[in-house]
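This briefing describes selected features of one protein structure, grouped by topic. Please consult the sequence and the model shown below while reading.

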Amino acid sequence: MSIARANTVAARGIVAGLAASGVRHAVVTPGSRSTPLVFAFADQQVVRPWLVIDERSAGFFALGLARATGTPVAIACTSGTAAANLFPAVAEANLSRILLIALTADRPPRLRDVGAPQTMDQVHLFGRHVRWSIDLPVPTSECEVDAYQVAGMRAVQAALANIPGPVQLNIPFDEPLVEPPDEHPAEWAPSPGKFQPPESEPCAEAIDEVLALAARAERPLIVAGPETGGLPAEPIAALAVQWGAPVVADPLSGLRAGVPPDGGGPLLDAVDAWLRDVRPAEPDFVLRFGSSPTSKALNQFLASLRGVPQVLVDLPGGYREPNAVRTLVLQGSPARVARSLCATSTASDGRWLGRWVAADRAARAALDEFCAGMEEGFEGRVFAELGRHLPAGATLVAGNSMPVRDLDNFLGIRVAPLDIVANRGVNGIDGVMSSAAGAAAAGRPTVVVVGDVSFLHDLNALWAAREYKLPLLAVVINNDGGGIFHYLPQVAHTARFERWFATPPRIDCVRAAGLFDLAGTRIATWSDFRECLQRWLAAPTPSVIEIRTDRAANVAMHRRAWRAAAEAAREVFAS
């Protein structure tokens, strides 16, 4: 068997292993050393290959697609800095627990550390950011397809082990990379398998310990933090009713949309706004699902409860508690844990749940009233409008910095289902647009809300949106810089602030959309925004809406909104 044929056999073996494990999407980037992988994906029809030119954008595109489908997605690239450009997406996949399979093509070992072009150390390139990494052998004339197929299958298994996350297969190919066209094997058909994520059963002894704590609680509180794929709404809601416990629902928990028409029962969605200035009676027991909440005010409140038992529900080996206040970690899948804990009731004070719910509803009404009165320039109103007008089944992606915080404050509970996501693993702004493009590739109308700096950081996402005619709408809040820094101590350093922190990029987002032949509209009023949104929903093609705002003015408006919410909640607690 020639080297070229061995490369083909090995690459097809890897793809066959991925397909057999339920992989149905792969993102492919251009390059020479990865040619056997590119051909292996292009010559079959079980795993759909998506071409994305820029590796950093491609990594986040794959991440967004994996999160939207709930299945592993492969990303293949050539050797050298191409592989390094996957690092940001791999880091996000690690902390967000997203199934990303990095296939990094490499030069053979004899070309490493000798000054060969486009060659660097790619072995264990992503360090502790992946669940598993292997440097595969160079395909040779004795190449056996089974060995490479097993590697593909093992990659998916490793990505699913205990805590889901990314893996790396480093695959060295020698030259000649592929056969001449007349000798290259025809199209092939890997056998498709079913993707089956495991569920872990909670430990019976740990369940008993938590039940004992809960049985003594008079003021139980449940916190539902961000979770990729969403937390199990029904078991957590049933548990909250059983315990008489309010549920603080993070916007990324999956609990704020698709709720029953009764308004969500014990669900709270305005806590970040009123907890900044209101100190309610302390809970005497806290049960937490998901990762650390988006709300800084909520995190600070939980951190202050030093003498209160706090139980963190997580998968075996998981630990997501930066405040170091937990009593114990209850290991198991959230759905099974919630169902198991329904076996007992608490000694809950009958007024406890009612007052938290009433205070939160009053704060939400104050926020809604404030938004409705802000006819122009208030950035938080974007999410209030989207919450009212996005259809069931759409996807809403929030950028980091201010957008995800405005999402928390101004998008209330929805009866209609809505997939609400953000890159809150590492909280970066570098791949938000590409992640949204990947989400749109799953076929659902997708709206991403970002600031102008995030938009500029990831403009290449618009290429993929145009190439595949994705149902993607980018709503860019253009306040000419990093608005979030106005809420931080740096703003007091006026001589340095504007240049080094606000960093105004001075870009025209509509013209930027035009570079990719995409429709772009700058809106002046909220009625204009609703009109543009409805037109896009009628024919969801790649588009950009730009909203110009003033950073300093928005600080004042946000503080007024938070003050109104706090006053409304305080009045309830004082009654």
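In strand β8, V247 is the bridge partner of I222. The description that follows rests on a predicted model.

**Strand β7 and its partners**

- Three bridges connect β7 with strand β8 (residues 247–249), and the two strands run parallel.
- Strand β10 (residues 285–289) also pairs with β7 in the parallel sense, here over five bridges.
- Within β10, the residue opposite P220 is F285.
- Strand β7 spans residues 220–224, and five of its five residues are buried, so the strand is largely enclosed by the rest of the structure.
- The burial involves both faces of β7: P220, I222 and A224 lie on one side, while L221 and V223 lie on the other.

- Strand β16 (residues 472–478) and strand β18 (residues 543–548) run parallel and are joined by six bridges.
- One of the pairs between these strands places A474 with V544 of β18 as its bridge partner.

**Helices packed on the sheet**

**Contact of α13 with α20**

- Helix α13 (residues 381–389) and α20 have axes that come within 11 Å and cross at roughly 40 degrees.
- The two helices α13 and α20 are therefore oblique to each other.
- Their crossing is right-handed.
- On the α13 side, the contact involves R381, V382, E385, L386 and H389; on the α20 side, it involves W526, F529, R530, L533, Q534 and L537.
- By class, the residues of this contact comprise six nonpolar, two polar and three charged.

**Contact of α12 with α14**

- Helix α12 (residues 350–373) packs against α14 at an angle of about 115 degrees, and the axes are 10 Å apart.
- R364, L367 and C371 of α12 meet D408, N409 and F410 of α14.
- Three nonpolar, one polar and two charged residues make up the contact of α12 with α14.

**Residue T8 in helix α1**

- Helix α1 (residues 3–20) contains T8.
- T8 has a relative accessible area of 5% and is therefore buried, the cut-off being under 20%.
- Leaving aside residues up to four places away in sequence, T8 touches E179, H184 and P185.

Note on methods
Residues are numbered from 1 along each chain as its sequence is written. This is a predicted model: local features need pLDDT of at least 70, side-chain atom pairs count only at pLDDT 80 or more; totals for chains, interfaces and linings use all residues. Side-chain values use heavy atoms; hydrogens and water are left out. Two strands pair if DSSP finds at least two bridges between them. Helices (H or I, at least four residues) and strands (E, at least two) are DSSP runs, numbered from the N terminus. Axes are lines fitted to C-alpha atoms, for helices over the stretch in contact, and angles run from 0 to 180 degrees between N-to-C directions. Angles under 35 degrees count as roughly parallel, over 145 as roughly antiparallel, 65 to 115 as roughly perpendicular and the rest as oblique. A crossing is left-handed if the near helix is turned anticlockwise from the far one by less than a right angle, and right-handed if clockwise. Contact means heavy atoms within 4.5 Å. Ala, Val, Leu, Ile, Met, Phe, Trp, Tyr, Cys and Pro count as nonpolar, Asp, Glu, Lys and Arg as charged, and the others, Gly among them, as polar. Buried means under 20% relative accessible area, exposed over 50%, partly exposed in between (1.4 Å probe, protein chains only).
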